[in-house]
Amino acid sequence: VGFGQPITEQRPARPGELMTLTVVGLPENLAPSGSQPRVTMTIGGIEHRLLSVTPGGASLQAQFVVLPSVPFGTPQILLTIEGLAVQPFNLPLRAF
């Protein structure tokens, strides 16, 4: 998958790949002014550490690396932002 390419069934993500996730439609001012929002993410039930989180009004971008222990196929992504759960979605993921 090339840089900036969307992840699709035809172009699935790979373990070890750096990814940027953009979430839109969030309430304004999720975190107290001047602080980073608390964000947690699991993929296929495995917690992932976010490398960066960039809030932007009603949106947020998060960068992470897909861990090798995630099962390939279409594992579910669960994301919470300041305790607010985002609707789960699946990530097309292929083996190495």
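User: What makes up the accessible surface of the protein, and how big is the carbon and sulfur share?

Analyst: In this predicted model, the accessible surface comes to about 5900 Å². Carbon and sulfur atoms account for 55% of that area.

User: And how much of the protein counts as buried?

Analyst: The figure is 30% of the 96 residues. To get that label a residue has to be under 20% relative accessible area.

User: Why is Pro27 called partly exposed?

Analyst: Its relative accessibility is 42%. Buried would need under 20% and exposed over 50%, so Pro27, at 42%, lands in between and counts as partly exposed. You'll find Pro27 in the loop between β1 and β2.

User: What does Pro27 touch, leaving aside its neighbours within four places in sequence?

Analyst: Gly57 and Leu84 are in contact with Pro27; contact here means heavy atoms within 4.5 Å. Then there's Ala58: 31 residues from Pro27 in sequence, yet the C-alpha atoms of the pair are 5.6 Å apart.

User: How do you know which class Glu82 falls in, buried or partly exposed?

Analyst: Glu82 has 22% relative accessibility. Glu82 is in the loop between β6 and β7 (84-85).

User: What stands out about the phi of Glu82?

Analyst: The phi of Glu82 is positive, about 50°, although Glu82 is not a glycine.

User: What pattern does the protein follow along the sequence?

Analyst: Reading along, you get β-β-β-β-β-β-β-β. That's eight strands and zero helices.

User: How many of the contacts between residues at least 6 apart join residues at least 24 apart?

Analyst: 58% of them do.

User: What makes a residue a member of the largest nonpolar core, and which members touch the most others?

Analyst: A member has to be a buried residue of a listed kind, Met, Phe, Leu and Ile among them, joined through side-chain atoms within 4.5 Å. This core has 21 residues, and Met41, Phe64, Leu79 and Ile81 touch the most other members. The elements giving two or more residues to this core are β1 (18-24), β2 (39-43), β4 (50-56), β5 (59-65) and β6 (76-81).

How values were computed: Residues are numbered from 1 along each chain as its sequence is written. This is a predicted model: local features need pLDDT of at least 70, side-chain atom pairs count only at pLDDT 80 or more; totals for chains, interfaces and linings use all residues. Side-chain values use heavy atoms; hydrogens and water are left out. Buried means under 20% relative accessible area, exposed over 50%, partly exposed in between (1.4 Å probe, protein chains only). Helices (H or I, at least four residues) and strands (E, at least two) are DSSP runs, numbered from the N terminus. Accessible areas come from the Shrake-Rupley method with a 1.4 Å probe; for residues, only the protein chains shown count as cover.
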